[in-house]
Amino acid sequence: MKQQLLASVSHELHTPLAKLREALALLGDGTAGPLTPRQARVVQLARDACEREVRTVTALLDASRLQMGQALRIQSGVSIDAVLQAAIDDERPDADERGVTVTLSLEGEAPSLAVDLALVERTVANLVRNAVSVSPAGSAVEVRRRTDGRSVRIEVIDRGPGLPALLQGDPFRAFQSAAVGERAAGLGLGLPLAREVARAHGGDLVVARTGPEGTCFAFLLPLS
């Protein structure tokens, strides 16, 4: 019932949020007239808040699409390294604001995959966003990619305090959330959706390790 309600509400919110995003973009670009520095700052705050809501609604729509068994929008010949870089670039402004560096480490040749590009990119961006949100200022979030001949392994490593006790048993249960360090509890849908995306591609998302020095999530995608 929760999933059905959120899918319905998210669908209704998607169009007005898109219009709001466009209007704020026109304001910020000066299309409606020049802004003073203070006005430009206020518009930027509104745009940032709007983008956060757009991400939430998009995640809910993605979750409902997967749970209803709708087909993935597969694209062949996708460079996973380009996907990783795009996801990191999307999250870099928030990371810079928090004083957290995001690094990308690539091992071997960049494999080409057949994936739903938008879903995979949003999944990686979500993992990076979570990692940044729990990492202290001055630290680094690492994104690593390597292959083992059968699959691509993407690791996202934070420097946070580790998963709280509530999430250590099963951090992928929908609507289960807890505060991590200074980050407040959210809806509890980001990690469940990320694992659904991985499994819909024939892969998986697992907690490789977690502890007081940080957590490592491993996103696995098959090469075939």
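This is a predicted model: local features need pLDDT of at least 70, side-chain atom pairs count only at pLDDT 80 or more; totals for chains, interfaces and linings use all residues.
View 1. N126 is 68 residues from A194 in sequence, yet the two C-alpha atoms lie 7.8 Å apart in space. Helix α6, which spans residues 190–200, lies across β6 and β7 and runs at about 135° to β6.

View 2. Five strands, with mixed pairing, make up an open sheet whose order is β2-β4-β5-β7-β6. The edge positions are taken by β2 (101–106) and β6 (204–211), and because each has a single partner strand, one side of each is left without a neighbour in the sheet. From one strand to the next, the twist averages 15°.

**View 3. Pairing of β2 with β4, and the helix packed on the sheet.** Strand β4 (residues 140–147) runs parallel to β2, and six bridges join the two; L104 has V143 in β4 as its bridge partner. Helix α3 (residues 80–98) packs on the sheet, where it touches β2, β4, β5 (151–157) and β7 (214–222), and the direction of α3 makes about 170° with that of β2.

**View 4. The contact between α3 and α4.** The axes of α3 and helix α4 (residues 117–134) come within 9 Å and cross at roughly 35°, and the crossing in which α3 passes α4 is right-handed. On the α3 side the residues in contact include I80, V83, L84, D90 and R98, while those on the α4 side include L117, V120, E121, V124 and R129. Sorted by class, this contact of α3 with α4 comprises twelve nonpolar, one polar and five charged residues.

**View 5. The largest nonpolar core and F219.** The largest nonpolar core holds 32 residues, of which I80, V102, I154, L205 and F219 touch the most other members. Two or more residues come from each of α3, β3 (112–115), α4, β4, β5, α6 and β7, and α4 gives the most to this core, with seven residues. Not counting residues up to four places away in sequence, F219 touches V120, T123, V124, L127, V152, R153, I154, A198, D204 and L205. As a general background to this view, nonpolar side chains tend to be buried together in soluble globular proteins.

Conventions: Residues are numbered from 1 along each chain as its sequence is written. Side-chain values use heavy atoms; hydrogens and water are left out. Two strands pair if DSSP finds at least two bridges between them. Helices (H or I, at least four residues) and strands (E, at least two) are DSSP runs, numbered from the N terminus. Axes are lines fitted to C-alpha atoms, for helices over the stretch in contact, and angles run from 0 to 180 degrees between N-to-C directions. Contact means heavy atoms within 4.5 Å. A crossing is left-handed if the near helix is turned anticlockwise from the far one by less than a right angle, and right-handed if clockwise. Ala, Val, Leu, Ile, Met, Phe, Trp, Tyr, Cys and Pro count as nonpolar, Asp, Glu, Lys and Arg as charged, and the others, Gly among them, as polar. A nonpolar core is a set of buried Ala, Val, Leu, Ile, Met, Phe, Trp, Tyr and Cys residues joined through side-chain atoms within 4.5 Å. Buried means under 20% relative accessible area, exposed over 50%, partly exposed in between (1.4 Å probe, protein chains only).
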